[in-house]
Each structure stands twice: as structure tokens, then as C-alpha cells.
Number of protein chains: 2
Amino acid sequence: MAIFQKLCAGPIAVNELARTLPVTRPAVSQHLKVLKDVGLVTDIKNGTRRLYQLDPEGVARLRGHFDQMWTKALGAFQESVEKESAANHHAKTSRRTRFKSV
Amino acid sequence: MAIFQKLCAGPIAVNELARTLPVTRPAVSQHLKVLKDVGLVTDIKNGTRRLYQLDPEGVARLRGHFDQMWTKALGAFQESVEKESAANHHAKTSRRTRFKSV
DNA sequence: CGCATCGGTTCGTGATAACTTACCGTTAGT
DNA sequence: ACTAACGGTAAGTTATCACGAACCGATGCG
């Protein structure tokens, strides 16, 4: 995440990235590899250096996945609440709630 | 995440949760503790059982944090692109780009 | 009261994730 | 062509994580 956030500032080389982080360059390289594999970053060769930058497409894609998860969670939860309150209302007129009260 | 998703279906006890998962009850308890600490779930004592459910507030809060991150990433990236293209445009009329071309 | 069930916590252990060191290929500059 | 800088990769080590086993307190029930 630290790397991800640094990349927000624009294209940056591996070395420069490592200098600002509490880890060595190879470690940064490995993280970049992962980020690249999941499509969050792209790299452009530039002479002996290699500039990394965010991939807006990948970021948007991942954001979509998360949004989907949150929405599903909140929606499903809301449904379950309504179902539960309906059950409770019915219980008031009958004998007992599904979950005994404390 | 598996636990989180199970909780979407509504309040559920630890035992029941563990029965549907490939891990033991203590493991589930530990995960629930973490989820509770970050405010994603709440628990209600119910006799000898303890029902866990999602905390919509916490979910919304975390979703907000993520949204903020994505937005910041995309926005900052866009800015950096514009800045860069401006620099490149200037370079065309002057001498060289900031990053030498391949 | 016992007794059983439920669930949280602690501790030890095995898996694995992250890091460093060392090495190698590539490129730019002289 | 030689040298220096950059960066990716492999191997080994360390730290961290997730888990299960065992233990304990609390609650409900007979």
C-alpha cells in the first residue's frame, strides 16, 4: 500500500521508490511485480531505468470488485434485518421470538 | 472474508459459523475478534450463545476509506498525467522531454 | 446443585510471507 | 570496449500469521 500510494504522485523509478521506503530495492521490485501481476501498475522501460505508474484501468477494476462486495454486504444485511423484524413482529402475537431475549 | 460473507445472511452463532467453515471454532473466534476490533461486526449475547452480525456503520466506514483511496489514486494519477503531457508539449517546442524516450 | 453447551483466551507449532544478500543481464556514458 | 548504474531473480533466513489443542468461565437445564 505504501508503494501504491507513492505511485499516485506519478511515474517513478524503482531505485527512487526504494530510497523513500524502509526496505531494500529487491523488496520493492518484488512488490511491484505483484502489483503488476494484478494489473494495478504498468511499467515503461526508459533507458536503464524502469518507470512504474498506476494503471487506472486496473485500479477501477479493483474498485469495482470492492464496491460490489460492500454493496452486497449492506444489501444482504438489510434484507436479513427486515426478515428478522418481520419474524419478531409475528412473534409478538404468537409465542416466542426466534432468538430468545437476554 | 469467508466469515464476512457468511455474516451477510444475518446473525449467526460462532458454533454454527465454524461448522460451515474448514476451520475450528477457536479460529473463527479469533477472526471474529479482529472483525469486531475494526468495527465490521457486532455481537449480542444471547444466553449461552453469542450472535454475530455485520455492523452496517463499520462496513460503510471502511467502504468510505477504500473509496477515498481509489478516488485519490485515480485523481492524483490523472493530475500527474496532465502535468506530464504539459511538460511533453513544452518539450516539443524546446529541447527534450523530462524522461528520455526509448 | 451437577452437567452439558457455548464461546473466549492462551500457548505451541507449522506454513508462508517478506525481507536481505548475492548474482546476473542490460543500458548509458566516456 | 570498459565501467558504472539500474533493476530483475534466486536462495536463504527471519518474522509473522493462522491454526489446533487444551483450558477456563459463564449460562441454561434437569
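So, where does B:L40 lie in chain B? It's in the loop between α3 and β2 (41–46) of that chain; helices (H or I, at least four residues) and strands (E, at least two) here are DSSP runs, numbered from the N terminus.

Quick housekeeping. This is a predicted model, where local features need pLDDT of at least 70 and side-chain atom pairs count only at pLDDT 80 or more, while totals for chains, interfaces and linings use all residues. Residues are numbered from 1 along each chain as its sequence is written, and chains are lettered from A and ligands numbered from 1 in the order in which they are written.

Back to B:L40. Is this residue buried or exposed? B:L40 counts as buried because 21 other C-beta atoms sit within 10 Å; the cut-offs are 20 or more for buried, 12 or fewer for exposed, partly exposed in between, with C-beta atoms placed from the backbone. Leaving out residues up to four places away in sequence, B:L40 touches B:F4, B:L35, B:L54, B:D55, B:G58, B:V59 and B:L62 (contact means C-beta atoms within 7 Å).

Last stop, chain A. Strands β2 (residues 41–46) and β3 (residues 49–54) of chain A pair antiparallel over six bridges (pairing takes at least two DSSP bridges). A:K45 has A:R50 as its bridge partner in β3(A). Two residues separate β2(A) and β3(A) in this hairpin, and A:G47 in the turn has a positive phi of about 65°.

Definitions and conventions:
Two residues are in contact if their C-beta atoms, placed from the backbone, lie within 7 Å.
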